[in-house]
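Follow along with the sequence and the 3D view.

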Amino acid sequence: MPKNSITVIDNRTGKQYEFPIEEGGVVRATHFREIKTDPGDFGLMTYDPAFTNTASCRSKITFIDGDQGILRYRGYPIEELAEKSNYLETAYLIVKGELPDVKHYEAWERNIKTHTMVHENIKKFMEGFRYDAHPMGMLCGTIGALSTFYPDAKNIFDLESRRLQTRRLIGKLPTLAAAAYRLSRGLPYVYPDNDLSFTGNFLSMLFKMTELKYKPDPVLERALDVLFILHADHEQNCSTNAMRSVGSSQVDPYSATAAAIAALYGPLHGGANEQVIRMLMEIGSVKNVPEMIKKVKSGERLLMGFGHRVYKNYDPRAKIVKRTAYEVFEVTGKNPLIDIALELERIALEDDYFVSRKLYPNVDFYSGIIYQAMGFPMTMFPVLFAIPRTSGWMAQWAEMVRDPEQKIARPRQVYIGEKLRHYTPIETRPEPKMREDAVSDSI
Ligand code: SDX
């Protein structure tokens with residue numbers, strides 16, 4: 001029976017080492033510290049910038065098979081959840097680990113809806129932003145500020161405190177997101193309407209005008225709810241890594257969520273859905289697509305909404321988003337940008353530059369087209385990503401807090417700087433040599 005281990009020979013000493021291969025096909029990086037040339041040696045260290053091949057945790061929440069294009073939350077295929085579930089039920093599944101029965105679902109819905117209001121002072125806080133502040137910047141600042149309203153959140157090892165903060169954050173993100181939108185439009189805030197569904201209430205807080213009670217369009221409400229399901233979690237992506245890493249210092253979950261929102265804001269991550277629309281609008285028409293493809297292949301531009309660190313196949317979420325777009329168009333009318341997106345995809349999927357790099361549409365490629373058709377401004381698109389991802393972030397954060405193997409995240413480095421040198425009086429110093437990485441004051 002072959003042994004579940006690897007044998008390493010250090011050719012510097014001829015010594016052999018045997019390391020166990022653990023569940024999931026992993027070898028603990030700390031084993032490499034045993035490989036030394038002499039007892040005082042630090043030992044070997046693994047080097048993996050951007051963690052392209054390094055597991056940071058063991059998790060039971062989300063499973064992705066990037067080659068097969070498989071995504072499951074707690075074992076349930078994303079396709080089944082998108083078709084049969086709703087966001088709030090999916091959030092329960094991600095946070096609690098099981099689908100709820102009727103009693104538990106109703107209690108969960110009540111608990112979330114209990115926390116849709118925010119402290120009135122938050123309104124004053126948000127009014128401090130410039131009129132044209134990006135809502136992701138507002139959300140990042142406001143969520144961080146929430147930590148000052150809930151000092152009890154520091155009790156991260158208390159299960160009830162973790163549960164309460166989870167309900168608060170899932171319940172309040174839509175309220176804060178809608179407030180940022182209303183502020184940017186010079187419109188009065190709309191208070192939560194707990195008679196509506198989670199997503200219906202969000203639409204009401206965004207779009208209610210003078211009518212006494214907002215009635216969400218059921219097709220748009222369902223489409224947005226499906227998009228929320230698709231964005232709820234995605235294992236150890238950049239923003240979840242930020243949530244876990246910042247949370248590992250034992251800071252409260254609001255501060256960690258602010259860090260996760262900041263990471264998601266980036267154009268290579270959740271900000272991509274906004275950049276896709278800007279790219280499609282820049283292309284302007286199907287006839288200009290080849291020109292953009294040429295720029296991408298020359299390395300001048302990225303094809304926003306394409307590519308993924310894990311998926312080397314079509315992102316299963318993108319297929320569902322693409323299908324949902326046509327359901328939305330039945331109500332809103334077709335967003336003409338979809339024709340440009342479809343042509344970009346058609347060409348890219350045939351072109352060796354993309355095929356050889358396994359670049360396929362990801363979840364952000366079509367989602368912005370739907371959001372724009374629903375009337376959201378582009379700057380709100382990453383916010384629509386952050387709202388549902390809050391359930392994933394909180395589940396991942398709680399898993400980290402409970403994991404006995406986890407402790408404060410503190411990566412090592414490979415030092416490539418100057419060797420030891422000593423301070424000299426300023427009068428005796430030569431003109432400083434400008435290193436290529438130094439920011440010279442002449443530029
Ligand atoms: C999300 O991690 C997650 O799970 C994230 C997410 C989630 O749900 O949390 O799925 C959400 O963030 C989706 C990704 C959204 N971002 C974008 O659409 C931005 C455009 N995509 C790229 O920036 C890129 O594909 C990344 C950042 C998504 C992934 O980058 P990697 O894994 O670091 O890949 P890479 O940069 O090493 O690229 C490998 C090659 C390179 O070419 P060569 O140097 O080999 O010649 O592919 C090229 C890259 O230049 N490439 C692209 C490209 N993406 C990669 N070329 C053109 N257009 C692109 N979009």
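**Around the ligand**

I started at His308, where a polar side-chain atom lies 2.6 Å from an oxygen atom of the ligand. The protein covers 72% of the 1000 Å² of accessible area that the ligand has on its own. Such areas come from the Shrake-Rupley method with a 1.4 Å probe, and for residues only the protein chains shown count as cover.

Before going on, I noted that this is a predicted model: local features need pLDDT of at least 70, side-chain atom pairs count only at pLDDT 80 or more, and totals for chains, interfaces and linings use all residues. Residues are numbered from 1 along each chain as its sequence is written, and side-chain values use heavy atoms, with hydrogens and water left out.

Arg357 has a polar side-chain atom 3.2 Å from a ligand oxygen atom. At Leu303 a backbone N or O atom lies 2.8 Å from a nitrogen atom of the ligand. In total, 23 residues surround the ligand, and His234, His308, Arg309, Arg317 and Arg389 are the closest; to be near, a residue needs one heavy atom within 4 Å of the molecule or strand.

**A buried glutamate**

Next I went to Glu221, which lies in helix H8 (residues 218-230). Helices (H or I, at least four residues) and strands (E, at least two) are DSSP runs, numbered from the N terminus. Buried means under 20% relative accessible area, exposed over 50%, and partly exposed in between (1.4 Å probe, protein chains only). A salt bridge needs a side-chain nitrogen of Lys or Arg within 4 Å of a carboxyl oxygen of Asp or Glu.

The side chain of Glu221 does make a polar contact of 2.4 Å with that of Ser197.

**Salt bridges**

I searched the whole structure and got 24 salt bridges. In one of them, Arg168 pairs with Asp152, their closest N and O atoms being 3.1 Å apart. This pair links distant parts of the chain, with Arg168 in helix H6 (residues 159-184) and Asp152 in the loop between helix H5 (135-146) and H6, 16 residues apart. Arg168 is buried at 13% relative accessible area, whereas Asp152 is partly exposed at 27%.

Arg346 gave me two entries. Its salt bridge with Glu343 has closest N and O atoms 2.7 Å apart, and the one with Glu350 has them 3.5 Å apart. Glu343 and Arg346 are 3 residues apart in helix H14 (residues 337-348), so about one helical turn separates them. Glu343 is buried at 17%, Arg346 is partly exposed at 42%, and Glu350 is exposed at 59%.

I also logged a network of salt bridges that links Glu22, Glu23, Arg28, Arg58 and Glu405.

Key: Polar contact = N/O pair within 3.5 Å; in protein donor to acceptor, adjacent residues only side chain to side chain.
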